[in-house]
Amino acid sequence: MRKPTINDTALTTQGSLHATYSYGDVLIDEDCVPDRSISAYELYENDDLQSSTDTVILKAMLVPPVADDHILLGRRPTIEQLCVAILHQDFATLTPYMSDDCAVISADESVVALITISDDTRHDETRYLLSIHLLTTSAHATDILVTLKSIAELYDPIAYPDSALIDETGLSQTGKGFREYQRSERRRRPLFIMRRKSPTMTAVQKHDYTVARQRLGAYGPVIVNNDLYEQFQIYEDLGRMDAIIIHPKTCAVGSLYYTGASGQLEGLSEEAADAPLLGSDWLDEQVSALQANARTFLSSSATRPPRNFLKLMEAGATRLADQWKDITSRDIPHEPAHEQETAPDSPPGRPLDPDTPPEADHELITPTSKPGSLDLSQIPDVITWLETNFDDKIIILPKAKRAFRKSAHPDPQRIAEAIALLATTKYTQKQPGEYCTAFTEGLSSLHLHDGFSNAERLKGQTGEAYLARYGTRTILLDRKLASYSSAFNSPQMIRIYYTYDKPTRKIIIGWLPSHLPTTRS
């Protein structure tokens, strides 16, 4: 490959929010990587901290991230454990706000990152996807990514974007396999090249070099090789804190340098564009277990977590969960009876009589995932309507049917639309990224969220509440759709407990619409 000139420099994906672009002989200063962080003040817009947190989490889910990463795990971390690890990194600056299996992290009065945990059921064994969405590439946001990737080893990591390619090409930190990886059309991550440390560096410079390499390594492989650096070098005399970046889609070459004073990665590029989003569609590729090379690049942290760190996180997570419950329960101990949760612009519909028998010859209504579009006056029985329209997608167990009809819930339309959304968007799309947007936006419109039921941890503590019989099998209701900001016994509460059944490839709903018992209820 020819040595690039200044006009060949392009797209820096990991720069700070400021960069210099070259157009011929003219240098123009513009924003490079957009800042999509959310004001942390939105977390305190009302007296209910949990409700505000839920709202900000939904907003963060719908904001396109500046950068993202995903790690497929064999063991499920709790959101509290991940937040404890983040607090261990920087207790003074970072603050987590949690809701089920999601959390947003604030720093310097801005929400800078969203963390989610979801289950992946497309293979024989259930695996768990840890997703980190950055709304800015500030030093704090980047360090969150560094921390979470460094502790992934504690949860049996299976794969991450490019892990299989890294193992196939034999890519190493010294440059072995570089050409094969760099030129591969399958490459998703930016590739960085740095020079080796200079023996004349001061202690401060060595520290800054280590931090720069660590932060770059959170986004993509860092190769330390003087010869490769000289082949791709663009600018002279930037010092040892600079790095070459090779974009994955275009193979365009750019330059970055680290400013220790601000902790930022400054970028030099020709054109502005967002960082490449790794997405989760790579999960549809053949996923193989991590080999030695991919494990090397999983974590860029200079230090590995100690062996007992998992036990420390588990103990800290229990305390954090109790503290969070205490903090959020101080705001509004119960939901006022006059404040009903209703989806925006949704017609109230007609409350159903739980004793109304289903009519076999009622008119079928075309399923839709658009909230507020159902007219319940045409549906004599919600359960029958759901089973008739989605019999190839869902199974509603008799216990759940009886509980729903007995409850006489004030908002059956919202429940029907939630189950219809679950049936049509959660597990039906070929690419995971496709259903995520439709499912998340639909739930947001209904003021609901999807998460783990924590049935695995509650097993043996709540009797058989989270167990259900289906045929000759006993299944665990490991997931739930849940409404926000409803007190435990509020009539407006919605809980739909379900699981994805691999043998039938259907969603089995085992309980609704009330809350199942927990250790704290």
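**Charged pairs and aromatic pairs**

Reader: Which residue forms a salt bridge with D143?

Author: The partner of D143 is R215, and the closest N and O atoms of this salt bridge are 2.8 Å apart (a salt bridge is a side-chain nitrogen of Lys or Arg within 4 Å of a carboxyl oxygen of Asp or Glu). D143 belongs to helix 3 (residues 139–151) and R215 to helix 6 (residues 203–217), so the bridge ties together parts 72 residues apart in sequence. Helices (H or I, at least four residues) and strands (E, at least two) are DSSP runs numbered from the N terminus. This is a predicted model, in which local features need pLDDT of at least 70 and side-chain atom pairs pLDDT 80 or more, while totals for chains, interfaces and linings use all residues. Residues are numbered from 1 along each chain as its sequence is written, and side-chain values use heavy atoms, leaving out hydrogens and water.

Reader: Is D143 buried or exposed?

Author: D143 counts as buried because its relative accessibility is 15% (buried is under 20% relative accessible area, exposed over 50%, partly exposed in between, with a 1.4 Å probe and protein chains only). R215 is buried too, at 9%. Of the 521 residues in the protein, 56% are buried.

Reader: How many salt bridges are there by this rule, and which residues are linked in a network?

Author: The count is 13 salt bridges. D101, D119, D450 and R479 are linked in a network. In it, R479 bridges D101 at 3.8 Å, N to O. D101 is in the loop between strand 5 and strand 6 (102–107) and R479 in strand 19 (residues 479–483), 378 residues apart. R479 also bridges D119, with closest N and O atoms 3.1 Å apart. D119 is in strand 7 (residues 110–120), so this pair ties together parts 360 residues apart in sequence. R479 and D119 are both buried, and D101 counts as buried at 5% relative accessibility.

Reader: Which side chain of opposite charge is nearest to D162, and at what distance?

Author: The nearest is R188, 4.8 Å away, and buried D162 has no salt bridge (Lys and Arg count as positive, Asp and Glu as negative; His and the chain ends are not counted). The side chain of D162 does make a polar contact with that of Y181, at 2.5 Å (N or O atoms within 3.5 Å, within protein one able to donate a hydrogen and the other to accept it; residues adjacent in sequence count only if both atoms are side-chain atoms). The backbone nitrogen of R188 lies 3.1 Å from a polar atom of the D162 side chain.

Reader: How many aromatic pairs does a search of the whole structure find?

Author: The search finds six (Phe, Tyr and Trp rings, the last by its six-membered ring, with centres within 6.5 Å; planes under 30 degrees apart are stacked, over 60 edge-to-face, the rest tilted). Y44 and Y97 have ring centres 6.2 Å apart and planes at 80 degrees, so the pair is edge-to-face. Y44 is in the loop between strand 3 (38–39) and helix 1 (49–62), Y97 in strand 5 (residues 95–99), so parts 53 residues apart are tied together. Y44 is exposed, at 53% relative accessible area, whereas Y97 counts as buried at 6%. A tilted pair is formed by Y128 and F452, 6.0 Å centre to centre with 55 degrees between the planes. Y128 is in strand 8 (residues 127–134) and F452 in strand 16 (residues 448–452), 324 residues apart.

Reader: Which residue lies over the face of F452?

Author: R76 does, 4.2 Å from the ring centre (NZ of Lys or CZ of Arg must be within 6 Å of the centre and within 35 degrees of the ring normal).
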